[in-house]
Amino acid sequence: MRARSTASGLALALIAAACGGGGAGGVGDNTPQGEEITAAPSDAQASLFVFGATYETGDEIAKTRVDRFQELYPSVDVEFSESGFEEQPFLSALASGDPPDVVNIPRNQLGTFIARGVLDPLDSCLEAEGIDMGVFYESAVEQVTVEGVAYAVPEFFNSRLWMINTKAFEDAGLNPDEFDFSDWDAIADANEKLTKGGNRPTRLGIDPKLPEFLPLWAVANGTPVISDDGMESQLDDPAVAEALEFANSLHEPAGGRTSFLDFRDTWDFFGAKNQFAQDQLAAMPMEQWYLTVLAEASPDVDLTVRPFETRDGEPITWADGNSWAIPAESQDKAAACAFIRAMTEKDAWLAAAEARAQTAKKENQPNTGVYTGNREADEEIFANLDLGEWPWLEEAVQVVRDVQEHAWSLPPSPASAQFENAYKAAGDEVMNQGTDAEQVLTQADERVQREIDRAAR
Amino acid sequence: MSANTGLTNQQREFRWAMVFMSPWIVGFLVFMAGPMLWSLWLSFTDYDPLRANTAFVGLDNYRELLVDPEVRTSLWNTVFFTVFYVPGTIASGLALALLLQRVGRAVGFFRTAFYLPNITPAVAVGALFLLLLNGRDGLVNQALRAIGLPGPSWLNDPAWIKPGVILMMLWSVGSTVIIYLAALQNVPRDLYEAAEVDGAGAWHKFRYITLPMISGAIFFTLIINTIASLQLFTEVYAMFFGGQESGAAGQAALFYVIYLFRNAFEFFAMGYASALAWVLFVVIGIITVIQVKTSKRWVYYEGD
Amino acid sequence: MAVQPAPRSLVPSVSRPEAVVDTTTPDGFGPGRVMRKAVFVVTLVAVTALFVYPLIWLLSASLKPPAEVFSSDFIGSEVRWDNYTRLFQMAPILTWGWNSLVVTLLGATAVTFSSAMVAFAFSYFRFRYRDGLFLLVLATMMLPGAVLMIPQFLIWDGLGLNNTLYPLWAGNLFGSAFYIFMLRQFLLTLPRELFEAARVDGAGYFRLWWNIALPLTRSALIVVFLFELKVLWTDLVRPLIFLRDVQLFTLPRGLKAIIDNPAIGGQQQWELLAAGSVLVTLPMVVLFFIFQRYFTEGIATTGSTGR
């Protein structure tokens, strides 16, 4: 329960940030729904309410880009919800007829909102502001596109990889740089060796991060949990069940799932005494933003980063992140669109990365860069990164960069929220009740397929 | 003297009574009667505030509710909780009240101490028990280990989540203790003295004097604790639901009102949620009536 | 859930002096008695610790370094006031506290006076339908809050007041059945001659209420006010339903946000979660210690569980 860090790229921004600021919905010049968006003149009076993002309490990556937008559009008054995206308040705002003008949504959740018709298609926005979707990572673009129409613009790009406690591996006679992560039997053996303390573990071997990482294990086993168009659940595929059963079996040396989680719940995950620093964990697949956490909390930790691998030995990652969208009821779509452009274009990212570098320098912490959805921005950011003092991070960043080209992402399903619930609930049931994975997943598949079909209508 | 000389005293009194009553009358119409009817109507529709069209769907919501596996889960969880919590809180409340009754002058101090959990905000109780019930190093399991018992995984093992919730709610038994204590203090002492003359033992006195004399208080706590149990929400929602992913607790701690709340304010299926609400209303009504009816057999009222 | 009804037989007057009863029966002397006394004292202390120690533990956890929150040491390797500093930096605690204060004071004041008005109507005036109406008041106490949640959301939404603090307290302007019931019982104990004498002196009904009924029911009004203070301060349901903006959150809603958001505590940042819980709880503990007489007498005499 709890504490499964969600995969949103915003988490990165939130680690430093929290709450504050905010205000009521903005009212600007009314843009009737469906009207063509023309480029926003930089001197037009407007106000913009941004939901799901922080400024006052945000980090320099958020602040720099917003400040830059304000310089470009000094007459636009921008207010922020100063909180991460949450479905319930967002829907409540829409239901109350008090919608935000622009919203920051995790790409994994977009599908549901697109199907419900609460987000505007962005074609005229892209055209008006000259946003080229080609500069973003393909897997990110696929996540925001339904039937050829883009509904959002990718912001961050989050990928998942193995994070390995080097010393734990070496002590067990394993070489973290060469360990074969495509060999599941080898993973199981290593897990046995790496776990300490048995039923009352003092170190976990390998944390499979279930149920939330089930899609990653499934795609590594050759079958994604859902078809590429997001219309067919593939939870009933035996390969998915096999992946779940295998990943779940990794809990066993620590005395099973419950004692595993009970121990994990006590970790100082974001602090200096985190599970790697304290030798409480040997390895886990994790989102790359956690490197930034480690870089700040315990920069001297001895960590090896490796790509996740399919069983055929190919590197693979499951990628996601946030995106910017415009609610259908937005009061000022032209300004919203200009804002989206200003948050995602290359120059904005370069400015943000520079600010991040300055902060890191000032605090004498390693700068691990900014993982944007914008491939062109990333190329420049990472070309200039200097991690000389921290060789493990330099290697880690290179691994992240390489694996970004091997990304699989959840497609925008019309029932994306229900789909996520379905595979997590099925995973929980298998792990908690010990029920047969194939049977549980088949039942979940039937239920969620009905939801997809209904939502698609 | 009055300006309204045309009015009889009675009429004038009535007018003034209505003036004083007006807050409640307005509140009743606008915030109770009106909403009740509105929610009844909603329960026959597929109302979703995000959608433009609302259709009348007849009994569809009620039919759906009969086959919805989560309704079954949440009902089972709620009944399970109620069946253990209500007798548990009555028994422990009574035991503690009997204990406190023997304290003498210092009773005020202990009463205050016992009541502290009740003034702790429910959301803080939830947060506190996330810490206390940690299956590995939580205070509860540290204590259990100290006396040689294996501590279960209260927060991650679905079989132990409900017992953990019951434990958490029993922590707030203090208000029940205070009610019983007050009732105990009202039992006339001469009853005990008379019994002692007859050579009655402690158990006999408890069984035939104390229990009947405080049966009214027991009945009262039975009713309010049952109603409150069926509506268990805040502590558990704070622990396991909302912004976080629920894991094992998503099913094991899915109590009825939590499921109702999620439907209404997370999924915005307000029509369906209204049907859930009306079923709860009827169930609570039935249980209360049954309890009141059967109480006549065992509750002793002064003057009867 | 707010307060609940009490059967009539359980409602003596609020000002009843507290009886000091010690029913320990002298059953001989000697080691048996000492033994028994010892067992009694140990049991009492152990039981009291069950209720008090978790709160003290919470305070201690809130001052520990994060990796030591679960350790059995009462004081960590260092006392970290910094946990609180960080919490104040990360979340608008002062704003949340102010919102809580506004809602709590306005709501408790509103419900005290409105309930007192209605209770006066039921106790002083004699009019047709009075008993029927009073039964209706009693009946509304049985209404489960869950049934009213959805339409009340829609009503406040219709008034354009969602995402404001009004829905959290303004409903209290219309009285609350339980308090009406309680205050009426209390008012009925006042001799009617008091009012009649004032009437003869030419006092209007409003003055009867304001100058006689209210001052004479002062202690009961304080009980009502304090109970409602507690109900409003601890409420999470209404803030969950009605508030979206972080700046409008009350402390409990803010604490829920802290539990939910791994970045601002909760989850693995247990020390911040503990600190937040302490901040929400502390004002209630202080209030309770100042006014504990009213609290305990209120519960004992009204039979409310106050939850």
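1. Chain C has 14 helices and 0 strands. Helices here are DSSP runs of H or I with at least four residues, strands are E runs of at least two, and both are numbered from the N terminus. This is a predicted model, in which local features need pLDDT of at least 70, side-chain atom pairs count only at pLDDT 80 or more, and totals for chains, interfaces and linings use all residues. Residues are numbered from 1 along each chain as its sequence is written, while chains are lettered from A and ligands numbered from 1 in the order in which they are written.

2. Chain C has 307 residues, and 51% of them are buried. Buried means 20 or more other C-beta atoms within 10 Å of the residue's own; exposed means 12 or fewer; partly exposed lies in between; the C-beta atoms are placed from the backbone. Take the contacts in chain C with a separation of 6 or more: 76% of them join residues 24 or more positions apart. A contact means that two C-beta atoms, placed from the backbone, lie within 7 Å.

3. Now confidence. The predictor gives the complex an ipTM of 0.90 and a pTM of 0.85. The mean pLDDT of chain C is 84, with 85% of its residues at 70 or more; pLDDT is the predictor's confidence in each residue, from 0 to 100. Over residues 1–26 of chain C the pLDDT is below 50, and this stretch has 57 contacts beyond near neighbours in sequence. Where pLDDT is low, the predicted coordinates should not be read in detail.

4. Chain A has a mean pLDDT of 88, and 91% of its residues reach 70 or more.

5. How do chains B and C meet? In chain C, 86 residues are in contact with 86 residues of chain B. Helix α1(C) (residues 31–62) gives the most to chain C's side, with 12 residues. That side divides into 56 nonpolar, 24 polar and 6 charged residues. Here Ala, Val, Leu, Ile, Met, Phe, Trp, Tyr, Cys and Pro count as nonpolar, Asp, Glu, Lys and Arg as charged, and the others, Gly among them, as polar.

6. Helix α15(B) covers residues 270–298, 29 residues in total. From first C-alpha to last it reaches 42 Å, close to the 42 Å expected at 1.5 Å a residue; the expected span is 1.5 Å times one less than the number of residues. Met270(B), Tyr272(B) and Trp278(B) are among its buried residues. The buried residues of α15(B) pack against α1, α2, α11 and α14 of chain B, together with α5 of chain C.

7. Phe268(B) lies in the loop between α14 and α15 of chain B. Its phi is positive, about 55°, although it is not a glycine. Phe268(B) is buried, with 22 other C-beta atoms within 10 Å.

8. Chain A holds an open sheet of 5 strands in the order β2-β1-β3-β12-β6, with mixed pairing. Strands β2(A) and β6(A) stand at the edges with a single partner strand each, so one side of each is left without a neighbour in the sheet. Strands β1(A) and β2(A) pair in the parallel sense over 5 bridges; pairing requires at least two DSSP bridges. Leu48(A) has Val78(A) as its bridge partner in β2(A).

9. Elsewhere in chain A, β10(A) and β11(A) pair in the antiparallel sense over 2 bridges. Phe308(A) and Ile316(A) are bridge partners. Their hairpin has 5 residues between the strands, and Gly313(A) takes a positive phi near 90° there. Strand β11(A) is also joined to β13(A) by 2 bridges, running parallel.

10. Leu210(A) and Pro211(A) are joined by a cis peptide bond, with omega about 0°. Glu147(A), in the loop between β4 and β5 of chain A, has a positive phi near 50°. Is Glu147(A) buried or exposed? It counts as exposed, with 8 C-beta neighbours inside 10 Å. Asp237(A), in the loop between α9 and α10 of chain A, is buried, with 20 other C-beta atoms within 10 Å.
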